[in-house]
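Welcome! Please take a moment to look over the sequence and the 3D structure below before reading on.

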Amino acid sequence: MSNKEYFFAVDLGATSGRTIIGTLEGSKFNLEELTRFNNNLIETGGHFYWDIYALYNEIINGLKIVHQRNIPIKSIGIDTWGCDFVYIGKDGAILRNPLAYRDPHTFGVMEKYFDQEISKEQVYDKTGIQFMNFNSLFQLYAMRQAGNTALENAEKILFIPDALSYMLTGNAVCEYTVASTSQILNPNTKDLDEDLIKSLGLKREQFGPMINPGEQIGVLTEEIQKMTGLGAIPVIAVAGHDTASAVAAVPAKDEKFAYLSSGTWSLMGIESKEPIINENSFDKNFTNEGGIEGTTRFLKNICGMWIYERCRKEWPEVSGMGHQQILSEAMQAEPFKSLINPDDKIFANPNSMVEAIQTYCKEHNEPVPVGYAAITRCIFESLALRYRQIFSWLKEFADFDINTLHIIGGGSLNQYLNQFTANSLGVKVLAGPQEGTAIGNIMLQAKAAGDVKDIWEMRRFIAFSLELKEFMPQDQEVWNQAYHKYLEITK
């Protein structure tokens, strides 16, 4: 690649979003954040909604800046969170703002669905997806049971990145990676499962044709061309699910790796050529989500930095302290004094996370940690030990030796936790890139433009362009003892 090329990425999370320009020139790669904005939940009528029009407007604002600065973008790609969706009416209009996965209308619905429609074992056998109450299957079932009028009048049902692409192009599609999070898609057939769709009282054509990452959805409508001053810019189906885009950006040299997408949630997994759906994966509640080039992201969701961030808000004494100072003081606390299972249900959404940790330790006959340093150390050591447990399970499932863990996302900057993870797992840890989701989004656009030929050329380009931080295992015997203690506490 000799000429400088520009790509426009939209990266939307559950609390905020960004528009980004990715620049590729030779072997150089650069990201520039154009805009950053909040993604606010709207609470009304007893439900929580996303404001799809506000998100659309922010995309338009970013495209206007592109025109004002005369940036010759080659294409546009959108990635978001999974599971949520938008209803489109017969006239092509959006029927209602989409319900958010945080809405409580799905509480208790899974069990009702299994009892009245299709059993839990059959659903997993068809989809291989980890069971969570907010999966699209249970959202749609809850809405059907509640007589949701938007659902009853829906001509099309579009997942969030597909809905925004529809608003830009007028074309309704179903992108594979985001559809795979729904617990409606069958990873063996690579399409939505007819039995599951039928159980919801829906039809396959309501979801639009399946499209894979790297394919073109359409071009900007004439209306948007006039609004922004741009021409008929292509909109590309990147890996619409943000984690799929992030995994596409893992700078691995070969397939013998596991990844940890580290943030509010931690997602640890491997890239598999085929879905892994068996009794063992069902018992351990692993998920099979779509990756690029027909791969499967076999992974498990772990609580992640959620516990720490919630505690941090409860500590008035850390107000004004930097994150690094808190971590530095935590490293002075006694190691392995108290341990928790970060995925215990007590930590899902307690009124006080500090009290939840102290209650857990008390109930498990451990010393109760007091103060931000001791509690922070407890959280990070426990996360690293939980990572080891999941990693050991991944080694059971993988048909290759896993010799490296790649940590991507915001958590890749946490050097203390990265070192703890290397110590706990006993393998080399490579941290970076922090901006994995945006990089994956842009590189998939570059692939669609013919600038890179496949996933491995993408990864070589990313590895060459970025400096990764390496962490090697230390204090193995100490961490082995701590792991045995963790297993006893959490069994």
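Here is a short report, starting with the whole chain and ending with a few individual residues.

## About the model

This is a predicted model, in which local features need pLDDT of at least 70, side-chain atom pairs count only at pLDDT 80 or more, and totals for chains, interfaces and linings use all residues. Residues are numbered from 1 along each chain as its sequence is written, and side-chain values use heavy atoms, with hydrogens and water left out.

## The overall picture

The protein contains 19 helices and 22 strands; helices (H or I, at least four residues) and strands (E, at least two) are DSSP runs, numbered from the N terminus. Its radius of gyration is 22 Å, close to the 23 Å that the globule rule gives for 491 residues, so the protein is as compact as a globular protein of that length. That radius is taken over C-alpha atoms, and the rule is 2.2 Å times the number of residues to the power 0.38. Along its principal axes, the C-alpha trace spans about 65 × 60 × 45 Å.

Of the 491 residues, 59% are buried. Here buried means under 20% relative accessible area, exposed means over 50%, and partly exposed lies in between (1.4 Å probe, protein chains only).

## Surface and charge

The protein exposes about 19,900 Å², and carbon and sulfur atoms supply 46% of that area. Accessible areas come from the Shrake-Rupley method with a 1.4 Å probe; for residues, only the protein chains shown count as cover.

There are 44 positive and 61 negative charges, and their mean positions are 2 Å apart. Lys and Arg count as positive and Asp and Glu as negative, while His and the chain ends are not counted. Each charge is placed at NZ of Lys, CZ of Arg, CG of Asp or CD of Glu.

## Helix 2 and its cover

Which residues of helix 2 are buried? In this helix, residues 109–116, they are V109, M110, Y113 and F114. They cover an arc of only 135 degrees around the axis, which puts them on the same side of helix 2. The arc is that of the directions from the helix axis to the C-beta atoms. An α-helix has 3.6 residues a turn, so residues three or four places apart point the same way. The cover over the buried residues of helix 2 includes helix 3 (120–127), helix 4 (136–145) and helix 8 (194–199).

## Two residues in their surroundings

T243 sits in helix 10 (residues 242–248) and counts as buried at 7% relative accessibility. Not counting residues up to four places away in sequence, T243 touches L267 and R297.

R102 belongs to the loop between strand 8 (94–96) and helix 2. With a relative accessible area of 43%, R102 is partly exposed. Leaving aside its neighbours within four places in sequence, R102 is in contact with A14 and L41.

## Backbone details

Most residues other than glycine have a negative phi, and most peptide bonds are trans. The peptide bond from G432 to P433 is cis, with omega near 5 degrees, and P433 lies in the loop between strand 21 (428–431) and helix 17 (436–448).

E293 is not a glycine, yet it has a positive phi of about 55 degrees. This residue, E293, is found in the loop between strand 18 (287–290) and strand 19 (296–302). D475, also a residue other than glycine, has a positive phi near 50 degrees; D475 is in the loop between strand 22 (469–471) and helix 19 (476–490).

Note on methods: Contact means heavy atoms within 4.5 Å.
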